[in-house]
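Consider how a student might learn to read a protein model. The dialogue begins once the model is in view.

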Amino acid sequence: MATARPAVMPETRRATKLVEQYRAVRAHTESLAAPLSPEDQTIQSMPDVSPTKWHRAHTTWFFETFLLQPHCAGYHQFHPQFGYLFNSYYETVGARHPRPQRGLLSRPSVEEIAAYRRHVDTAMAAWLDAGDLPSALHDLVVLGLHHEQQHQELLLMDIKHVLSCNPLDPAYDRAPVELAPVIPQRWIEHDGGLLEIGHAGDEFAFDNEQPRHAVYVHPFSIASRPVTNGEWLAFIADDGYRRPELWLSDAWATVQAEGWDAPLYWEAGQMFTLAGMQPIDEHAPVCHVSYYEADAYARWAGARLPTEGEWEVAALDGVGAVWEWTGSAYLPYPGFRPAAGAVGEYNGKFMVNQHVLRGSSRATPPGHARPTYRNFFPPAARWAFSGVRIAQ
């Protein structure tokens, strides 16, 4: 979650449309959780994964903590200990339950989390309906909605990992899996030059997308589509996971320690999906690979990963099937300043030991993707919907 830095705005903004947006985003979270049993929603399969019910509660905690409690007169907190249970990273807000232990919380129940959401939603709707909001509070509500959209994708990432650990081959959704079309790869040439990247304008953006600034880009070529499963199978067949010359030192140590020999969720010619175990579709973009694997594949292919500046100036479509690793470390843009207070904590303090991904995935909520969006994960992370596009 991050903060927006909008242009100068009027002192107040109409809340009518905002109420509709609030209800739509909150309802979508509930629709994503609807196929899951209470048992499904409680499991934490690894420290990076959060239980579904925790996502539902944490996004609710945001609105209660940063909007209702300080700004809505007469609001009554739902539960005095929920602040401790559902705070994520906000040190300035107070102590929090350890992240690796979220799966130990059999209580509060799924039903109580649902009641928490109803309590906060009723109060938020009444507060928003009461009249115009100061611009700063309007922007904070919008931030909360984009924060919840981030957690909608995290919810799907996490439940996929949870279900993959079950030998019964459970599916989140048994909808038919459509095969990807055959799309030949071509190279898109770009002349480079002194170009601008970063968000500009009055529309919402997270603070890490700003300020807009100039970068010098050397002439380059970038692939017209992401790497496919079929191309990754060729990498595996050529002993890609067993050739240390292809891997960064830390990457090779990770491959050896973890025993990687294929993307996450691949097993015996099949891959685990949200629809359960499926045959590997050779024409679909490869997914669930780490930065380490993406970098090794690019080297094997005689190419490299694009920088995030190259990715953005190539005017690639911001909506894709997989997030795409870039060769860029996650660092602040020139002139970046985190916002004051707790809401400024999330982005700035994570600008170390992470790599940038661009684009979006099929799990990204509608309206949440844009060409300037900077996603980021540690280089060994594989449970995100992450893929590869190469450059040269």
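Predicted model: local features only at pLDDT ≥ 70, side-chain atom pairs only at ≥ 80, totals over all residues.

Q: How many helices and strands does the chain have?
A: Helices (H or I, at least four residues) and strands (E, at least two) are DSSP runs, numbered from the N terminus. Here the chain has 10 helices and 13 strands.

Q: What percentage of the residues count as buried?
A: Buried means under 20% relative accessible area, exposed over 50%, and partly exposed in between, with a 1.4 Å probe and protein chains only. In this chain, 54% of the 392 residues are buried.

Q: Is helix α5 mostly covered or exposed?
A: Helix α5 spans residues 135-164, and 27 of its 30 residues are buried.

Q: Where is Leu145 placed, and which residues does Leu145 contact?
A: Contact means heavy atoms within 4.5 Å. Leu145 lies in helix α5 and is buried, at a relative accessible area of 4%. Apart from neighbours within four places in sequence, Leu145 contacts Leu18, Gln21, Tyr22, Val25 and Phe63. The C-alpha atoms of Leu145 and Thr59 are 8.7 Å apart, although 86 residues separate the two along the chain.

Notes
Residues numbered from 1 in each chain as written. Heavy atoms only, no water. Expected span 1.5 Å × (residues − 1).
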